[in-house]
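Dear colleague,

Please find below the structure that I am handing over to you, together with its sequence. My notes on what was found in it follow directly after.

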Amino acid sequence: MEFFHKVTRFPFMNTRKVWYGLSAVLIVGSLGLVGLRGLNLGIDFTGGVVVETNFPQPPNIEQLRGAVAAAGVTGAQVQAFGSSRDILVRLPPDPNAKGAEIGTRILDIFRKADAGVRLQRTEVVGPQVGQELFIKGSWALVATLVLIAVYVLMRFTLKLAGGAILAVLHDPICVLGFFAVTQITFDLTAISAILAVIGYSLNDTVIVFDRIRERARNARKLSIAQVIDESINQTLSRTLMTKLVTLLVVVALLIFGGETLHGFSAALVIGILAGTYSSIYISAALALDFGLRTDDLLERKLTKPEEIDGLP
Amino acid sequence: MIAYPRWKIALVAIVFLVGVLLALPNLFGEESALQLARDRAAVLESDRSSLQELLASKRVPVSGSFLDQGRLTLRFPSKQDQLKARDLISQARPGDFTIALSQASRVPEWMRNLGLGPLKLGLDLRGGVYLVYQVDVQGAVRQQLDHDEQDFRASLRNARVTYQDVQVDYKTNRVAVLFRDADSRAKGSAAIGGDNRNLNLTERTVDGSPALELQLTDAQIKEREDYAVQQNIVILRNRLNSPELAVSEPQVAREGVDRIAIQLPGLQNSAEVKKILGKTATLEFRMVDETDNPAEAAATGHVPLGAKLYYTRDKQPVLLKREVVVTGDELTDASFQPNTQDGPAVSVSLDSRGAAKMLRNTQENIGHLMAVVFIDRSREKNAQGVDVDRTTEEVINRATIRGVFSNNFQITGVNPIEGRELALLLRAGGLAAPLSAVEERAIGPSLGQDNIDKGVHAMVFGMLAAFIFMAVYYKAFGLIADLVLAANVILLTAFLSLVGAALTLPGIAAVVLTVGIAVDANILIYERIREELRNGVSPRAAITAGFERAFSAIADSNVTALIAGLVLWLFGAGAVRGFAVVLVIGIATSMFTSLMGSRALVQIFFGGRRKIERLSI
């Protein structure tokens, strides 16, 4: 079986203004949504208490909410989590709360509604720790971007690297937009998903660039725009195939992985889609607009005579 | 022949076989087990055989046992046997062991002896409690300054040097001794310097008086902080071995500068753990006031001059003298000795300062009662959300001084259970900095099993989808890719079992993602081969070119994912690190299997043929 028996000839470079427009809409839309709706930050970042319980029969959530409020627990969010038998209680960080005790207290309240309820999980994160984790996570993002930029710069020219980095920034922004729209809890695993997306999306870009460099050296008669178009088309089947298979496994995670991995796998799905799009339509196009020329890609530019003369 | 050196094929085969061997222990499964540990001492081979005899005599079947790091693990075919064995052992050898219920792998002994073991499961898969404690390192530095201040006063008093004042500044970490004139400062300097040779004292003028100033250097502060954290780690480890908390394989590790992370697999109730762990304790040795009546003092509330009213653990009033003989700071070690000439005893060691005081005290007080007071401070938040330290003091032991002693002595007249506890409490007593819990996560065992099921489902379905797709789309080469993918998962399992990294749910997600990455590498190669074939190159040359040309693309693209993985590894904590570890190892194994393994298989399948008409790709 083969989906791409002939090499496609899509004019990616001529139509790039359209794709820029689409990306601009995506980026502005995502950032706008993050700004307006905000992210539903998990307790990893806000600090607070999460208590997860499991009922033998689906309970009446309204009744549970009433019972929790009546017991004097303030600021509690009681919601179904995954199935209707799993009830999650989230509490804001409370200086008076003595951590684990709150879990048992919630359980006692719930026991009155249904004696068979079980405590599945309690998580307590101090507000200070939450803040630190957020800062740490942000640093991890920045460090990854910087290190990857350095690597791409070393491997390719400045113009290609610029295109790659901008295209890579595009993907996590889309993922953030997705989290803002769906209000899926944004926690530490979501950050790891974003980092994986960054590493993984650049993967496609690098492969396209690799091909552009190879083509530029072998087909010097072609204009750089033609080289780029050809390279993207030649690698298109590979790009789409690998992403298809990766999406297959990630969708399996999304379906079977349960609530804990829900945000994580959703972030991966969106990130992979955005990453595939940006590596095909955006990264090389940006490099072209940064003034990439065939000369930039030819080997051994470093040993130009004037540089040798410049040495002491 | 397609040129691919034999030694590379041999290398691939060897790596794969070693991988299979390392991954093998994961196939045996787990069963109910007991884990036996001893306070401060190892469980011995002789204990193992005597316990096995005991269980055999009561017809409790033991399916296996092993000793590891001084802990004995006994495996049982059923849960009932496990509980029966626990009751039998605790009856037959009361107080001898800490017994924890746990699960152990059925890995045969010869494998275990080779150092092979199954993957460790993270708390989200096993269930358990994860706690992070913050150590009050500033408090530890303040204590150091206070200590120095008292030392200075004592040295000056002993040398009969007059001084005006000793000032402590916690903000700048300084202690200054003010003198009336330069002459007494010189004498003071000699006195203090003589007692503490390694102090950096500078002569300065403070508030118009000649002064000696001690400034803690950054290195000293850091050393003090490190010490406080390390000491807390030791104390927490000791407490986790206490019989009250029967935990199997507790893990205590430093996290960052001033935090301690604790993992307690299998434990449910974090409130109970926190009650025991969150305490800071110290202790004091004091002489008992034997002339007055404690019951009367307790009833009337009128405590005689020079005495202080305390209570024992069973709420009996005791009157102790106000002067402290030795404090917990001066205690260096305590251990329980089950068999001494005088029966069970607790051995105590003191530092030189404590020893000198104890020597003087015992010389004067032979035949009198000395008491040990245990002072427990727990840090709690009050209604205003401010940390307050709550102190409880109780007398944990009273014993008659039988002879003169100094740095080493024994407390006798204790029963084995009391003795163990006393040793534990004494050791816990030398604690410096207070702890507070800043993060805690407790996962129930049913949720853990649930998470395992979900992770395994996701992995199986995801991989099946990828396998079928590859076989359909790339035919024979797709099947080779499937073999390579399977080998990749085996190698990844092998590596994770070898390094002992715990598998978490995000870790399973990383395994799934790694499958995607490994597929990617194979697709790169095959698409390249197809491309070469389309350009009219012979099948043989297409294979060679496909592998060669895809190499740089695979390497480049994996490096970026590797960078992301390594950053996560460095920055991440807990579950995130679990993801990063698997991702990084997975990228490495996938590069090896796709580039070398895949090539070797192609060589084995196609290399022998004289002429390849067409490729099944």
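In which order do the four strands of the open sheet that includes S1 and S4 of chain B stand? The order is S2-S3-S1-S4, and the pairing is antiparallel. Before I go further, please note that this is a predicted model.

**The four-stranded sheet of chain B**

At the edges of this sheet stand strand S2 (64-68) and S4 of chain B, each of which pairs on one side only. From one strand to the next, the twist averages 25°. Two helices may be described together with the sheet. Helix H3 (residues 79-92) of chain B packs on it and touches S1, S3 and S4 of chain B; the direction of H3(B) makes about 15° with that of S1(B). Helix H2 (residues 45-57) of chain B lies across S2 and S3 of chain B and runs at about 160° to S2(B).

Strand S1 (residues 30-37) of chain B is mostly covered, with six of its eight residues buried. S1(B) is joined by eight bridges to strand S4 (residues 98-105) of chain B, and the two run antiparallel. Within that pairing, Gln35(B) has Ala100(B) in S4(B) as its bridge partner. Four bridges link S1(B) with strand S3 (residues 71-75) of chain B, again in the antiparallel sense; here Arg75(B) in S3(B) stands opposite Ala33(B).

**Chain B as a whole**

Chain B contains 16 helices and 22 strands. It has 617 residues, of which 45% count as buried. Of its contacts with a separation of 6 or more, 73% are between residues 24 or more positions apart. The chain is divided into domain 1 (6-24 + 444-606), domain 2 (30-106), domain 3 (137-220) and domain 4 (278-440). Between domain 1 of chain B and domain 4 of chain B, the C-alpha centres lie 60 Å apart.

Ile543(B) is found in helix H15 (residues 539-571) of chain B. Why does Ile543(B) count as buried? It does so because it has 28 C-beta neighbours inside 10 Å, where 20 or more are required. Ile221(B) is 322 residues away from Ile543(B) along the chain, and their C-alpha atoms are separated by 63 Å.

**A three-stranded sheet**

Chain B also holds an open sheet of three strands in the order S16-S17-S20, with antiparallel pairing. Strand S16 (331-340) and strand S20 (408-412) of chain B each have a single partner strand, so one side of each is left without a neighbour in the sheet. Neighbouring strands of this sheet are turned against each other by 25° on average, direction ignored. Five bridges connect strand S17 (residues 343-350) of chain B with S20(B) in the antiparallel sense, and Val346(B) has Ile411(B) in S20(B) as its bridge partner.

**Nonpolar cores**

The largest nonpolar core has 208 residues. Those with the most contacts inside it are Val197(A), Val249(A) and Ala267(A), together with Ala466(B), Ala509(B) and Val512(B). Helix H13 (residues 445-499) of chain B gives the most to this core, contributing 20 residues. Leaving aside its neighbours within four places in sequence, Val249(A) is in contact with residues of chain B, including Gly462(B), Met463(B), Ala466(B), Val512(B) and Gly516(B). A second, separate core has 30 residues, among them Val325(B), Val372(B), Phe374(B) and Leu422(B).

For chain A, the domain assignment gives domain 1 (16-41 + 129-297) and domain 2 (48-125). The centres of these two domains, taken over C-alpha atoms, are separated by 39 Å.

How many residues of chain A are in contact with chain B? There are 59, and they meet 61 residues of chain B. Among the elements of chain A that give two or more residues to this side are helix H4 (100-113), strand S4 (118-125), helix H7 (188-218) and helix H8 (224-256). By class, the side of chain A that touches chain B has 31 nonpolar, 20 polar and eight charged residues.

The two chains also share strand pairing. S4(A) is joined by five bridges to strand S21 (residues 435-443) of chain B, and these strands run antiparallel. In this pair, Arg441(B) in S21(B) stands opposite Glu123(A).

With kind regards

Methods:
Residues numbered from 1 in each chain as written. Chains lettered and ligands numbered in written order. Predicted model: local features only at pLDDT ≥ 70, side-chain atom pairs only at ≥ 80, totals over all residues. Buried ≥ 20, exposed ≤ 12 C-beta atoms within 10 Å, placed from the backbone. Contact = placed C-beta atoms within 7 Å. Core = buried A, V, L, I, M, F, W, Y, C linked by C-beta atoms within 7 Å. Pairing = 2+ DSSP bridges. Axes fitted to C-alpha atoms, helices over the stretch in contact; angles between N-to-C directions. Domains from an automatic or database assignment. Nonpolar A, V, L, I, M, F, W, Y, C, P; charged D, E, K, R; others polar.
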